[in-house]
Amino acid sequence: MKYHHHGYVSSDPRIQPPAGAGIDRPEDLPDQVDVLIVGAGPAGMIAAAQLSQFPGIVTRIVERRAGRLEIGLADGMQKRSIETFEAFGFAQQLIAEACQVTETAFWKPDPAQPENIVRVSRVDEDPQNVSEYPHLTVNHARVLDYFAEFMENAPTRMKPDYGYEFVGLTVADEGDHPVTVTLKRSTGDHAGEERVVRARYVLGSDGAHSGVRKAIGQTLRGVSSNHAWGVMDLLADTDFPDIRTKCAIQSESDGNILLIPREGGFLFRVYVDLGDVAPDDGGAIRRTPVEQIIARAQRIFHPYRLDVRHVAWHSVYEVGHRLCDHFDDVPPEQVGHRMPRVFIAGDASHTHSAKAGQGTNASMQDGFNLGWKLGHVLEGRSPAGLLDTYSAERQKVGQSLIDQDLRWATQMAKSAEAFASHAEFEQAYLRITEFAQGFMTQYEPSMITLADSRQALATGYPVGKRFRSAEVMRVADANRLHLGHEARADGRWRIYVFADAARAGEDSPLAALGRWLDESPDSPIRGYTPAGLDENAWFDVKVVYQQDHTAVDIGGVPRAFLPRVGPYQLTDLENVYAALPDQDIFQLRGIDRQGAIVIVRPDQYVAGVLALTDTDALAGFLRTFAIRQR
């Protein structure tokens, strides 16, 4: 965290000074806004949190609840989400209060006594070590709390407007605020009263029964598996040895259980298999008494005792897999000809089973993807066509999610006898792991993602996939840290320059690139960052040298990597790094020793890999998504 460059700070440095929309922010919902977000769930809150970093944009988020969510229905936070939380500055706090899931135990009927279950294997939760972050379980209401704190500490001083229910919207063909939204007070003395808000853009993150989705004529399409599960958060006295371990349990005749340990050391969640649902059930399965679900769980746990002392929450659901064709209000035939004005995200656009932990996790990536794009268009950084990439990118991810989840839900519902061997079930679990952790997303070439023609220069940074961190040494202060952890959700693009073998100060392709970045009117610093802003205000440019940090002379580092910031124009020395002798990032991430440029989007996905000499290609890429500022 960087501060003091605007003057001495003696209070909490996480609290940014108010600016723009945050100065004298009105308590009451205004009549006109730039962005109106409907629904303060995971997708809406992360989008709002991202937009809170754009002081010149008026964003409001409305929620029909009277206040903060108290009991979160989602509990699994996958590793990609924890990476994202790091960008918003609260990953370590959440890790400290959450339960870390490190392995999964598999149980099946004992061949000698099939009425009893027996542990048959354990598998590492991340056998391929795809991330340095843990898989967590925690009440997702706490995640929303952290996003709310981030928003309120941001320059815009944003916070949810509780007690407003969505009624409907219309989109005009013209006007500065073409979306007219009707809301209704849902709580308090004014309950039932309607009011109208006009917006430039609207995001509907209002759940599976989304009113915004219906208002723009989108429909969730898909199938239900006709299989039901009871889910309970329990406090219980038990002699089951793996009660604090994630477990997949198969019984002989009473179905299966997925057991998830929860935060705090005592609470745990069980998904209890209730079997197939008759076509003429009419929803009766959803009224299954909790006592009946407990009894079935006790039979599955046999011969172990499950003495339930308290049920914190429970529900019954039928597995469904549904997806919208588009995540905005533009019909397919009009894409590229009409600007999207209304978007949907999270459960409003895709629904699936809960057991792979994808609801909250995928929803947050929807909101993260859209938030910075709205910010860039509204600030004049990018053309409006950037907004077309939201539906194009996230709808395909949603389809992949549905496909994977359908396969996993089918495997979870099978009886033990349906598998040829236990290894078959375990392999099915391992196949879903990397996808469930959030690391299989790979965006296709577009105006913000280059083709992979230069991929060989950095094989460990696949174009379109998330930027995978690795440790480096910061030269200025000899601090060993993760390169990816230095990126914040501040709306900036990142340009990571991996140096050639020359030393700092020597003439080389890196030195030539540094001169181009510092002097060329086509560079991101000189051509696409407004005069009067810090040199790194819109593009965060960093360099990583191959030598040990003691061999990197800061005085020889090109000035482009030493930006001047703040009213005192102080030199920022913390963008210069060196490889570690024991964990060389060049080797770990397959970076060519001739050097490479890795361009990373504000949502942490690799947008392109280029050679150090590819300045024309970099300039051409900038022209596709950025508006020249000078």
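The model is predicted: local features need pLDDT of at least 70, side-chain atom pairs count only at pLDDT 80 or more, and totals for chains, interfaces and linings use all residues. Residues are numbered from 1 along each chain as its sequence is written, and side-chain values use heavy atoms, with hydrogens and water left out.

The chain contains 13 helices and 27 strands; helices (H or I, at least four residues) and strands (E, at least two) are DSSP runs, numbered from the N terminus. Its radius of gyration is 26 Å, close to the 25 Å that the globule rule gives for 630 residues, so the chain is as compact as a globular protein of that length. Here the radius is taken over C-alpha atoms, and the rule is 2.2 Å times the number of residues to the power 0.38. Along its principal axes, the C-alpha trace spans about 75 × 60 × 50 Å. Of the 630 residues, 58% are buried, where buried means under 20% relative accessible area, exposed over 50%, and partly exposed in between (1.4 Å probe, protein chains only). Among contacts (heavy atoms within 4.5 Å) between residues at least 6 apart in sequence, 73% join residues at least 24 apart.

Strand E11 (residues 194-204) has several partners; two strands pair if DSSP finds at least two bridges between them. Strand E1 (residues 32-38) runs parallel to E11 and is joined to it by 6 bridges, with Val38 the bridge partner of Gly204. Strand E10 (residues 179-185) also forms 6 bridges with E11, but in the antiparallel sense; there, Thr180 stands opposite Arg198. Strand E17 (residues 342-344) is parallel to E11 and joined to it by 3 bridges, and Phe343 is the bridge partner of Leu203.

Attention now turns to a later part of the chain. For residues 441-629, UniProt lists "domain: Phenol hydroxylase-like C-terminal dimerisation" in an unreviewed entry; UniProt positions are given in the numbering used here, feature names are shortened, and annotations may be inferred rather than shown by experiment. This span is 16% helix and 20% strand.

An open sheet of 7 strands has the order E20-E19-E25-E22-E21-E26-E27, with mixed pairing. Its edge strands are E20 (479-482) and E27 (606-610), each of which pairs on one side only. Within the sheet, E22 is parallel to E21 (residues 493-498) over 6 bridges, and 3 bridges join E22 to E25 (residues 576-578), also in parallel. Val543 of E22 is the bridge partner of Val497 and stands opposite Val576 in E25.

In a regular strand the side chains alternate between the two faces of the sheet. In E22, Phe539, Val541, Val543 and Tyr545 point one way, Asp540, Lys542 and Val544 the other way, and all are buried. Because 7 of the 7 residues of E22 (residues 539-545) are buried, this strand is largely enclosed by the rest of the structure.

Helices contribute to these surroundings. The buried residues of helix H10 (residues 509-519) include Leu510, Leu513 and Trp516, and the buried residues of H10 pack against E21, helix H11 (524-527), E22, strand E26 (596-600) and helix H13 (615-625). H13 lies across E21, E22, E26 and E27, running at about 160 degrees to E27; axes are lines fitted to C-alpha atoms, for helices over the stretch in contact, and angles run from 0 to 180 degrees between N-to-C directions.
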